[in-house]
Amino acid sequence: FDTHARQAPLHAALLGQLGDALSAFDRDLAARGLSDSVTTLVFSEFGRRAEENGSKGTDHGAGAPVFLLGGSLRPGMHGTPPD
């Protein structure tokens, strides 16, 4: 996921893989009746700058998304987007 150039198409594919894996895990938890008992946290060990660099990517920075998955969570985007 360390994409410094041509990030949009690469990140879309990588996030698609992540989304597919999380979806399968969530379906498995639901089938076992565990959705409300398990919360999954996904984060990166480094953030990204909001501004695109000269090679259509982003450089390391302070901001990073965090994904939470679980039946007992309030859905939606939370927090203030970077300026």
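In these legends, Ala, Val, Leu, Ile, Met, Phe, Trp, Tyr, Cys and Pro count as nonpolar, Asp, Glu, Lys and Arg count as charged, and the others, Gly among them, count as polar. The structure shown is a predicted model.

**View A. Lining of the largest pocket, by class.** The lining of the largest pocket has 17 nonpolar, 11 polar and four charged residues. The volume of this pocket is about 1,200 Å³. Of its 32 lining residues, Ala64, Pro65, Val66, Phe67 and Met77 are the closest to the centre. Two or more lining residues come from each of α1, β2 and β4 (67-69). Helix α1 gives the largest share of the lining, four residues.

**View B. Helix α1 and the residue just after it.** Helix α1 covers residues 7-31, a run of 25 residues. At 1.5 Å a residue, α1 should span 36 Å, and its end C-alpha atoms are 35 Å apart, so the two values agree. Just after α1, Gly33 has a positive phi of about 70°.

View C. Glu51 sits in the loop between β2 (47-48) and β3 (60-61). Is Glu51 buried or exposed? The relative accessible area of Glu51 is 66%, and exposed means over 50%, so Glu51 is exposed. Leaving aside residues up to four places away in sequence, Glu51 touches Gly57 and Thr58. Ala5 is 46 residues from Glu51 along the chain, and the C-alpha atoms of Ala5 and Glu51 are separated by 13 Å.

Notes
Residues numbered from 1 in each chain as written. Predicted model: local features only at pLDDT ≥ 70, side-chain atom pairs only at ≥ 80, totals over all residues. Heavy atoms only, no water. Buried < 20%, exposed > 50% of the residue type's maximum accessible area, 1.4 Å probe, protein only. Contact = heavy atoms within 4.5 Å. Expected span 1.5 Å × (residues − 1). 1 Å grid on protein atoms, 1.4 Å probe; cavity = no way out; pocket = protein on both sides within 12 Å on 5 of 7 lines; lining within 4 Å. Points joined across faces, edges and corners; volume = space filled by probe spheres on them.
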